[in-house]
Amino acid sequence: MKGPDIKSNDDLDISVLLKIILRNKKIIFIISLLSFISGCLISFIPKKIWLGDLQIIKSNNSLCNIQLDDYTGLDLLKSEKILKNIYKELKLEKTDKSEIIKLPKFAEWSNQFNADFLRGTRIISISYKDHNKEDILPILKRIPLDYKSFIRKETEKCLLDQKIILKNQLIKAEEYFNNSSSELLNFVESNNLTFVKFKRTDEMSMTTLMLLEENERKKISPSILLKYEFLLENYSNNKNQLQDLKKQYFNKEVALLSNKNKNVIEILKEPQLKENPIYPEKRKIAFLALLIGLIVSSFIVIWKEADNFNEINISK
């Protein structure tokens, strides 16, 4: 009588497989052990990759019109404007020619950075990975410094540009004020408007005109009075505009001075290096090697037992 084919899925029994595995446990153990040892040895071959990180939060207060929203600021941290200088400094520090050759190109090197918001917060987490463990912390420390430097330079440039614009506006405003003042003075003198006299104010150090007696208006023709009020209003508007521009110009001077000490970002977590490399993951590689060894060895012994069992049945 012919026995059941152990290769048949219909007749395959779990208990038979377990008996086969237990009967060949030494073979399975040896193959699995060799696979595990191979995995452990292989895990030492790849070059280690280390990871460091820091956390910062960006200030929203800006002294000029370069105020960045959070996502623009995040993009700036990962941009060439910030990272290019760090890359150049790193390249200059590599005194050994072999190290310079090994240094990847900027595009590839910049991909070793990652910056993103911590979930539900405005806190930015910045990480950097590298084969060279000693480079990680110095590079991470440069990121906030270069970011601050860039923002300060851009702010200073913006403030200086605005100062130039204000300076030109001030020159024109002073010209308009002096013209309106002279025009009003000439009109008062030529029309013998005795009710108007001049007073020097210490606050702005400029000539102001004061209307002293309202009843004197009745003695002046309406056309002259209308012209006088028009010139007086023009004079007042030019004076107010000049005062406002001087105030703005002064504020820009103050902003330029305070920009040097402006804190554009705050470091919440100082740069830190992970204790263990992120690659290769030796435990994971060793576990996978052991698992593969168990699966492969079990398949081999089951296949071998199945062939032997079928040969015996055929011979019968």
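**Exposed sites, cores and voids in a predicted chain**

Phe287 is exposed, with a relative accessible area of 54%. The model is predicted. Phe287 belongs to helix α9, which spans residues 282–315. In sequence, Phe287 and Cys40 stand 247 residues apart. In space, their C-alpha atoms are 9.0 Å apart. A second pair has this form. Ser38 and Ile285 are separated by 247 residues in sequence and by 9.7 Å in space, C-alpha to C-alpha. Ser38 sits in helix α2, residues 25–42. Its relative accessible area is 36%, so Ser38 counts as partly exposed. Phe287, at 54%, counts as exposed because the cut-off for that class is over 50%.

The protein chain holds 316 residues, and 34% of them count as buried. Its secondary structure comprises 9 helices and 6 strands. Contacts across the sequence were also examined. Among contacts with a separation of 6 or more, 76% join residues 24 or more positions apart.

The mean pLDDT is 79, and 78% of the residues reach 70 or more. Residues 1–11 have pLDDT below 50. Beyond near neighbours in sequence, this stretch has 17 contacts in the model. Residues 311–316 also fall below 50. That stretch has 2 contacts beyond near neighbours in sequence. Where pLDDT is low, the predicted coordinates should not be read in detail.

The largest nonpolar core has 29 residues. Within this core, Trp109, Ile124, Ile126 and Tyr147 have the most contacts. Several elements supply at least two residues each: β1 (50–58), α3 (70–77), α4 (80–93), α6 (106–110), β2, β3 (123–130) and α7 (133–190). Helix α7 gives the largest share, 7 residues. Trp109 illustrates the packing. Leaving aside neighbours within four places in sequence, Trp109 is in contact with Leu83, Ile86, Tyr87, Leu90, Pro104, Tyr128 and Ile139. Another core, of 16 residues, lies apart from the largest one. Its members include Leu166, Phe177, Phe187 and Tyr235.

Rolling a probe the size of a water molecule over the atoms shows where empty space is left. The count comes to 2 cavities of 30 Å³ or more. The second largest cavity contains about 30 Å³ of space. Its lining consists of Leu77, Lys78, Leu83, Phe113, Asn114, Ala115, Ile126 and Ile143. Strand β2, residues 113–117, gives the most to this lining, with 3 residues. By class, the lining has 6 nonpolar, 1 polar and 1 charged residues. Ile126 lines the second largest cavity and is one of the residues with the most contacts inside the largest nonpolar core. Leu83 lines this cavity and is in contact with Trp109.

The largest pocket has about 390 Å³ of space. It is lined by 14 residues. Closest to its centre are Lys47, Lys102, Asp130, His131 and Asn132. Helix α5 (97–102) and strand β3 each supply at least two residues of the lining. By class, the lining of the largest pocket has 3 nonpolar, 3 polar and 8 charged residues.

The second largest pocket has a volume of about 160 Å³. Its lining residues are Asn276, Pro277, Pro280, Glu281, Lys282, Arg283 and Lys284. They divide into 2 nonpolar, 1 polar and 4 charged.

How values were computed
Residues numbered from 1 in each chain as written. Predicted model: local features only at pLDDT ≥ 70, side-chain atom pairs only at ≥ 80, totals over all residues. Heavy atoms only, no water. 1 Å grid on protein atoms, 1.4 Å probe; cavity = no way out; pocket = protein on both sides within 12 Å on 5 of 7 lines; lining within 4 Å. Points joined across faces, edges and corners; volume = space filled by probe spheres on them. Helix = DSSP H or I, 4+ residues; strand = E, 2+ residues; numbered from the N terminus. Nonpolar A, V, L, I, M, F, W, Y, C, P; charged D, E, K, R; others polar. pLDDT = per-residue confidence, 0-100. Contact = heavy atoms within 4.5 Å. Core = buried A, V, L, I, M, F, W, Y, C linked by side-chain atoms within 4.5 Å. Buried < 20%, exposed > 50% of the residue type's maximum accessible area, 1.4 Å probe, protein only.
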